[in-house]
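Trainee: I have a new model on screen. Show me how to read its features one at a time.

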Amino acid sequence: ALWKFNCGVIVALLQVLVLNTNLYYANNALGVNASDPCGQFKWLKTRLERAQEHKSLVIIAAHAPPGYFERFAEVPFFNATYNDAYVDLLNEFGMIIMAQIYGHEHTDSFRLFQTAKVGMMQSVAFIAPSVTPWYPSTVPGGTSINPSLRLYSYNKTVLLDYSQYHLNLTKANGPSENVSSNQEAFGLDDIHIRGNRLERPEWEFYYQATKAYGLQSLDIVSMVNLYDQLQSDDNLFQKYYLRNSAGFNDGLCDEHCKKSHTCAIVNIKVKDLNRCMGYNHSENYKGLPKSSLKPHKEVPIFIMEDGLPVNFPNTSSSSPLVIAIIVLSMSLTTVLAVILAVMLVAITLKRNRMLRTERSLPVVDLTWVRRQQNYKQIP
């Protein structure tokens, strides 16, 4: 925190609140349905109230962000028990939150938080890419990325900028250039092998946020303007998309891909995300698409309240009714297979008996001459 001395009284101007959001992680079954794991919601609200009372600003720092994965908006980060509650709490104190800083995603993106009054944006979350290359990707929509590090700069009132660094693996694994045959061998944690030569890996400055996007700072107004530009300027969006994978060339982002990004950035709750993506959404979640909707063939019709989409490949639990239907279907299939096998054996045996009987019958000569001879023998 930054401090100011005023007539002997210490006044906090900026606080950094570090949260353990792994308590709310979608794949953390231990936290599901618990009212307030470790009392963190209560603690966070108390600290935010205190900061508001002292007119202090706050930076929220945590590992996993709330909301959904922008590259495949059906993938949740939080489970539904806590996602909306967490978002509502931050929105309640959005005016004193300078910025939110997260990781977890592995990709480079941001989120805009709005109050219950639609269109009232008041807090921005930045999501930095990871050091892990994440290859091969195990998450729908996931991509390989270049290992990355980020450095934020701020003052007592605003997040000024960030500098993004990365290790370009495509370049590092390309043809070796200007490598001396007697190059010094560094420690194993500091080398890169090209054929039979050793070379120090090169971390590079990738981009500076304000210069890359033409911003004055990274406050909420600037980031809302950036979001508007990403929607209207496809050239700028494709640059954002390349940075999303930390410079790994993942091709162009088509219209559905772009919609997934833009919807996930501003819609942190499942109902809002469903509405933005054009999925059918009803209170009982029947999953029937509206006649006017044509969902993308690779994604489900809608996302359920538990944070998981219909037919999501990683769904770990199933309805008892569904399980019963599957078991019954498998049993009926087995019974039918046995009946068909018995019928096939019976038909085969009967056919063999008929063939043996046919072989025992005399062969009748039905040529014309023979028929005439047979006719003359008739009295």
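**Reading Ser130 and beyond**

Mentor: Start with one residue and its contacts. Beyond residues up to four places away in sequence, Ser130 touches His106, Ile145, Asn146, Pro147 and Ser148. Keep in mind that this is a predicted model.

Trainee: Where does Ser130 sit in the chain?

Mentor: Ser130 belongs to the loop that runs from strand E6 (121–129) to strand E7 (148–154). Ser130 and Ile145 are 15 residues apart along the chain, and their C-alpha atoms are 8.1 Å apart.

Trainee: Is Ser130 buried or exposed?

Mentor: Compare the relative accessible area with the cut-off. Buried means under 20%. Ser130 has 15%, so it counts as buried.

Trainee: Which groups does the side chain of Ser130 reach?

Mentor: Look for polar contacts. One is with the side chain of His106, at 3.1 Å from the side chain of Ser130. The Ser130 side chain also reaches the backbone oxygen of Thr132, at 2.9 Å.

Trainee: Let me try another loop. Where is Asn28?

Mentor: Asn28 is in the loop between strand E2 (9–18) and helix H1 (40–53). Its relative accessible area is 19%, so Asn28 is buried. Its side chain reaches the backbone oxygen of Asn22 at 3.0 Å. Setting aside neighbours within four places in sequence, Asn28 contacts Asn22, Leu23 and Asn79.

Trainee: Now the surface. Which residues form a nonpolar patch?

Mentor: A patch is read as a group. Here Val131, Leu149, Leu151, Tyr165, Trp203 and Phe205 make one, with about 580 Å² of accessible area together. Take Phe205 from that list: it lies in strand E11 (residues 204–208).

Trainee: Why is Phe205 called partly exposed?

Mentor: Partly exposed covers the range between the buried limit of 20% and the exposed limit of 50%. Phe205 has a relative accessible area of 45%, so it is partly exposed.

Trainee: What does the UniProt record place at residues 321–349?

Mentor: An unreviewed UniProt entry gives the feature "transmembrane region" there. Check the record against the model. Residues 321–349 are 100% helix and 0% strand, and the end C-alpha atoms lie 42 Å apart.

Trainee: And the whole chain?

Mentor: Zoom out last. The chain has 10 helices and 11 strands. Of its 379 residues, 39% are buried. Its accessible surface is about 22600 Å², with 58% belonging to carbon and sulfur atoms. Among contacts with a separation of 6 or more, 60% join residues 24 or more positions apart.

Key:
Residues numbered from 1 in each chain as written. Predicted model: local features only at pLDDT ≥ 70, side-chain atom pairs only at ≥ 80, totals over all residues. Heavy atoms only, no water. Patch = residues over 30% accessible without salt bridge, like charges linked within 9 Å, V, L, I, M, F, W, Y side chains within 5 Å. Areas by Shrake-Rupley, 256 points an atom, 1.4 Å probe, with all protein chains shown as cover. Salt bridge = Lys/Arg side-chain N within 4 Å of Asp/Glu carboxyl O. Helix = DSSP H or I, 4+ residues; strand = E, 2+ residues; numbered from the N terminus. Buried < 20%, exposed > 50% of the residue type's maximum accessible area, 1.4 Å probe, protein only. Contact = heavy atoms within 4.5 Å. Polar contact = N/O pair within 3.5 Å; in protein donor to acceptor, adjacent residues only side chain to side chain. UniProt positions renumbered as here; feature names shortened; annotations may be inferred.
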